[in-house]
Every structure is written in C-alpha cells, then in structure tokens.
Amino acid sequence: MKTLFVNIRYLIVPIMSIGTIYGLIIGGLYIWTGVFLFGLCIILDTITKNIHLKADFDKNGNSYGIKSLQYAIMYLMLFVFIALQLALAWRIYQYVNTTAFDTSIIYGLTIQNGITTINLIGAVISAGLWAGIGIIYGHELSHNKKQGFLMSRLIMSLSGASHFTYAHVYQHHLHLGNEDDPATAPRGRNIYMHTWLSHAGQCKFSYDLEKSRLEKQEKPFLSLSNKWILGYIYSLPSVILFIWAGGFLGLAALLTLWIIANFELEALNFMGHYGLIRGKGKNVEHRHSWDNDSVFTDWFFIAIGRQADHHVRGETYFWELDDVKGPNYGIGYFSLFLITLIPPLFRKYVKKHLDNWDTNFANDEEKKIAQQF
Amino acid sequence: MFKFLKKKNKNFKAIINSSMYKIDVKSGQNLLSAALLQGIPWPHKCRVGSCGTCKCIVLKGTIKPEIDFANVLNAEQLKAGYVLACKTALKSDIEVIVKIIK
C-alpha cells in the first residue's frame, strides 16, 4: 500500500496536464482549464505550506519508489507535452480559418468547434503554463542515463530550451552560488531580468561546451554531431506545426508559449538559489540551495524543491531526496512564485531569510562576499 | 503489488588500485556512489559528471558510460582511458586506478 501511495503521489502533473489538453479539445470556457488548474495549485500549495514530509524508506532503508514506473511516466510525459502543443495548434488553426461555432460529438465527447479571441488567449496561456512544467521531467532526466538525457533534451526542446539539459548539469551544478553560474540570481536581481540573463548565459555556455567537445574530438562545428545545433533542430517540428496551423499568428502563439515556459524554468532557478553565495571551487554544501519541500510542492514538482540534497547528491533519484535541514523559505514554490512576480515584495520577503542565511549558514568567506551586496 | 516492475539485481565487483580495495557495485549504482557507501575516500565534488574530480582509469572489464565523458575530460585523458566514476555503471567486474588522497 505504501509503495502504491509513494508512486502515485507524483501523478499530479500528468493528470493536470491531461486535464489541460482535455479542456483545449472540448473548447468553450473549458479552454481555460489550464489556467484554472494552475490557480488551484497556488491555493493548494498555500494552504498546505506548513506540511513537510520526509522521504519514505522501508525498515531496510530501501526506497518505495519504483524506478521503472517513474521513468515510464517521465518518458510518457514527452508525448503528453506533444499532445498539448497539437491541441493548441488545432485551436489556432480553427481561429485562423474562422471555423463556425457549432458542436460535434467525437467518441462521446461534445466538442465546441470555433474559438473566440479571448479564448484563444486562454488557450495559449493554459498551454504555456503546463508546457513550462515540463522542466520537472527535463531536469530529472538530465541527471540520468544517456537515453534519459536525450528524453530530457526532447522535452525541453518543446519549450525551445534544449540548451538547459547541458547547462544545468555542466554549468549550474559546477558553479552554483557564484557569478560563473547564470542560473544563480545574485542579491538585488529581479525575476524578469534573471529570466533573460540566465537564459542567454546558459545558451552561450552550451555553445561553448559543444564547441570545445567537438574540437577535442576533431569534428567540425557545423555538423549533425553538434548537439547545440541539434537542440534547436529538435524544436523545429513545433515551429513548423505552429506556422502551418496559423502562419504568423501561430508563430506568435508558439513564441508566447516558449516565453511563459522559459519564465517558469528560470523562476525555479531563481527561487532555488537567489542570493546564496559559494566561494569559487569550494565544495557544494546543503547551505548553497534553498529548499522548498512543503507537501504540495514536493509532490507536484517531483521533489525538485529538495534542492539542498539534490545539489550534494546529484545522482539521487527524486523520490529518494530528503529534507537535509538546508535553508528553507518555509513556503512552497507556487506561493513563492506569486511573491517573486512583485520584485519589491520579494525583496522584502526574502530579506529575513537572507539575514538568517548570513548569520546561521554562511562561512567566513561567504559572509565577506555577502557584504559586497 | 508492483514487485514485477522491480529489476533483478545484477551486481559486479570493482578492484581498486591493484587490490587496495575491493567493492561490490550493485545494479543501478554508479562506481563512485558504491565506493563512497563502502567507505572509500574516492575524490569527488559534483557527483553529476561536471567537475571531473572523480576520474579514474579502467584497466580491465567493461563499463557503461552514463554521459559523454568528452564534455569534461580532455583528449589526452580520453585516450588514456579515463572515465568519470560518478557516471560509470558496470557491465562486468572491473579493475580501476584512482588517485586517492587520504
């Protein structure tokens, strides 16, 4: 029973993503299902913020998580995110071709054909919000075996962010907490500025990494061995689909989806390390990441919020990550995300946590660096 | 209920620095985590294959690289047979050399 519970609790995103696709297909006001569900998550996360659970292990110290099942779910999510884009593209096609407003019944489902401008906006936001959640699978798979790494790249490429897989492993994990890591937001930076700087910095790193790898292997930069270029090629089917569905409007919709998705991705980076400091080349310790492990955040984001443990034991599967008493905001990602959207409010909120970090977590070198901010 | 999904264990042995240490590497474990769990002070830092601190040379046996080592190791190191222990699964018993600093 415990095994069942531990393994199904991470199904919130698959179920809600499918719900979002269902809403896009059914049409009418249901188009907004994705936005509604995201709002529901904010409420659930906020009201359960004080519930924190430990990872579950049996009396022999073995995890209840079933790797093959969790991996199957993560791999299947690639197809769910593809379906999400197909559903949105279909709605854009209907809008551009001014499909008549009527209903049809397909396999017992009553589908409202045609879409208004306001509902089209809802469709793009719904799809963007849930496409962005793909990061949780892209992230987990980036740390695992070769086929998982490729799946990570494919999932991230649906959001135009296949650079993430390389930058996260080879740059963020190595340099977090200092200026060599664009994904670590220094004190004073807001989430909007961070999104662009982090995205650009990680793209550049992926380019440099691949250039260096190809040089070592004496291969030409312009070739299909170039994984930096391949990452963008993986995004091409989405571009072709949306241009086919709606021309310039379709492309604008896809770009909006990518902006929303990348904003969510960078929001997670922002919340995970904002203002924390680590001396260059020093070992990564639990204190170099913010933990967000309230129960809803933990289950929804497949434990991506257990950053402190993850950055020290990067090879550990998400269901085995635990509370290691790292610095903690005390609230979940959804609640904190809302606060980050208003930079003055975020700075006010985070000040007491940074003061606590400076006093109780930082070593002398880190305290010295902190004084420069 | 889900026992049928659990993989059967296939364990191998790793001989480190000409029998200085002998460890068991369980199915699903990488070389570094197996060594650390068995108390060997194997040098490491990031544990995700990005820093290169855990590099070692495989003398005998077959391994399964979990990432492309060329992202971290240079051409000479690759030619010399270096691998990253944190991203090395075993396909057979192996012998390795690693610089251990006590």
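This is a predicted model: local features need pLDDT of at least 70, side-chain atom pairs count only at pLDDT 80 or more; totals for chains, interfaces and linings use all residues.
1. Chain A contains 15 helices and 2 strands. Its C-alpha atoms fill a box of roughly 70 × 55 × 45 Å along the principal axes.

2. A compact globule of 373 residues would have a radius of gyration near 21 Å, and chain A agrees because its own value is 21 Å. Of the 373 residues in chain A, 47% are buried.

3. Counting pairs at least 6 apart in sequence, 70% of the contacts join residues at least 24 apart.

4. Where chain A meets chain B, 23 residues of chain A are in contact with 21 residues of chain B. On the chain A side, two or more residues each come from helix 1 (2-8), helix 4 (67-96), helix 7 (146-157), helix 8 (163-175) and helix 9 (191-216). Helix 8 of chain A gives the largest share, 4 residues. By class, this side of chain A has 9 nonpolar, 8 polar and 6 charged residues.

5. Helix 8 and helix 9 of chain A also pack against each other, at an angle of about 80° and with their axes 9 Å apart. The two helices are therefore roughly perpendicular.

6. Which residues make this contact? Helix 8 of chain A supplies H163(A), F164(A), Y166(A), A167(A), Y170(A) and Q171(A), while helix 9 of chain A supplies Q202(A), C203(A), F205(A), S206(A) and L209(A). The residues of this helix 8 to helix 9 contact in chain A divide into 7 nonpolar, 4 polar and no charged.

Methods. Residues are numbered from 1 along each chain as its sequence is written. Chains are lettered from A and ligands numbered from 1 in the order in which they are written. The radius of gyration is taken over C-alpha atoms; the globule rule is 2.2 Å times the number of residues to the power 0.38. A residue is buried if 20 or more other C-beta atoms lie within 10 Å of its own, exposed if 12 or fewer, and partly exposed in between; C-beta atoms are placed from the backbone. Two residues are in contact if their C-beta atoms, placed from the backbone, lie within 7 Å. Ala, Val, Leu, Ile, Met, Phe, Trp, Tyr, Cys and Pro count as nonpolar, Asp, Glu, Lys and Arg as charged, and the others, Gly among them, as polar. Axes are lines fitted to C-alpha atoms, for helices over the stretch in contact, and angles run from 0 to 180 degrees between N-to-C directions. Angles under 35 degrees count as roughly parallel, over 145 as roughly antiparallel, 65 to 115 as roughly perpendicular and the rest as oblique.
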